[in-house]
Amino acid sequence: MQNIPKNLFEPAAANAGDAEKISKKSLSLWKDAMLRFRSNKLAMVGLVIIVLIILMAIFAPMFSRYDYSTTNLLNADKPPSKDHWFGTDDLGRDIFVRTWVGARISIFIGVAAAVLDLLIGVIWGSISGFRGGRTDEIMMRIADILWAVPSLLMVILLMVVLPKGLFTIIIAMTITGWINMARIVRGQVLQLKNQEYVLASQTLGAKTSRLLFKHIVPNAMGSILVTMTLTVPTAIFTEAFLSYLGLGVPAPLASWGTMASDGLPALTYYPWRLFFPAGFICITMFGFNVVGDGLRDALDPKLRK
């Protein structure tokens, strides 16, 4: 082997600027969470399902020639066809239109109940966790007392006492629905209130409201969003169950729960009357659940790379 002269080699020059240069652009928590959420195929499928159902609920009844409340006994219990894609019910009403009108009510109930749970739970849990001591003890014991009462029993009692209606259902579900959110927010606040940035703001004279809603709650938003997303399908299922018991929205309004309740007695001879509303309840719950699971995985700091 030939000897290679050493004068052909020289040490590579070290550049101080290149030594501290960041090879990869850093990502914020939310950008990183969005990328990981988008890489979750099942969560994206659930998101597409939710978006499609919402769009159909908004626009499908507008472009149909049938009305959700118009009856036609001569057209009763017709199977699915090119004129009635989902068939008709016992009063001759088009099930396709009623399904998407029912989607409006069911999704509205689910989202409204989740938003109210969010507002009450965040305020209650953040104050309880931040104040601590006797205040925390009293507030959480009140929540425990409400939690000990069967929520379904309380909802049924309120539905019997109050007049039947859309907002009565939402209020009845919110009575105990906020407790889980409050407990999660309280746990997050207890972890975050002793962080350095919170103590620094407190030393500089920041008020309690600013500490909570400017520094602490935004940093707990991941757990809050996941809990809210998983609350929506629970509220939709609760509404369907109440409608099955005859405590749903009054006629002629339609929801998936009332349609399933009306279609159950006709399951043997007219199965489409139950199949379509029950099927969309299952699909919607699946969509919200997988989106909630995807958000939970995307916002989990332990899974960040």
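Predicted model: local features only at pLDDT ≥ 70, side-chain atom pairs only at ≥ 80, totals over all residues.
**View 1. The largest cavity and the residues that line it.** The count of cavities of 30 Å³ or more comes to one. Its lining is made by Asp89, Asp90, Arg93, Ile95, Arg98, Met259, Asp262, Gly263 and Arg273, and the elements that give two or more residues to this lining are α4 (95-131) and α11 (256-263). Helix α11 gives the most, with three residues. Sorted by class, the lining of the largest cavity has six charged residues, two nonpolar residues and one polar residue.

**View 2. The largest pocket, with the residues nearest its centre.** About 440 Å³ of space lies in this pocket, and 21 residues line it, of which Ser151, Met173, Thr176, Gly177 and Thr234 lie nearest the centre. At least two residues of the lining come from each of α4, α5 (133-148), α6 (151-161), α7 and α10. The lining of the largest pocket divides into 12 nonpolar residues, eight polar residues and one charged residue.

**View 3. The packing of helix α7 (residues 166-192) with helix α10 (residues 221-244).** The axes of α7 and α10 come within 11 Å and cross at roughly 155 degrees; because this angle is over 145, α7 is roughly antiparallel to α10. The crossing in which α7 passes α10 is right-handed. On the α7 side the contact is made by Ile169, Met173, Asn180, Met181, Ile184, Val185 and Gln188, while α10 brings Ser223, Ile224, Thr227, Met228, Ala235, Thr238, Glu239 and Leu242. Taken by class, the residues of this contact between α7 and α10 are nine nonpolar, five polar and one charged.

**View 4. The packing of helix α8 (residues 196-203) with helix α9 (residues 208-219).** The axes of α8 and α9 lie 11 Å apart, and the two helices pack at an angle of about 180 degrees, which means that α8 is roughly antiparallel to α9. Where they meet, α8 contributes Tyr197, Val198, Ser201 and Gln202, and α9 contributes Leu211, His215, Ile216 and Asn219. The contact of α8 with α9 has four nonpolar residues and four polar residues, with no charged residues.

Definitions and conventions: Residues numbered from 1 in each chain as written. Heavy atoms only, no water. Axes fitted to C-alpha atoms, helices over the stretch in contact; angles between N-to-C directions. Helix = DSSP H or I, 4+ residues; strand = E, 2+ residues; numbered from the N terminus. Parallel < 35°, antiparallel > 145°, perpendicular 65-115°, else oblique. Left-handed = near helix turned anticlockwise from the far one by under 90°. Contact = heavy atoms within 4.5 Å. Nonpolar A, V, L, I, M, F, W, Y, C, P; charged D, E, K, R; others polar. 1 Å grid on protein atoms, 1.4 Å probe; cavity = no way out; pocket = protein on both sides within 12 Å on 5 of 7 lines; lining within 4 Å. Points joined across faces, edges and corners; volume = space filled by probe spheres on them.
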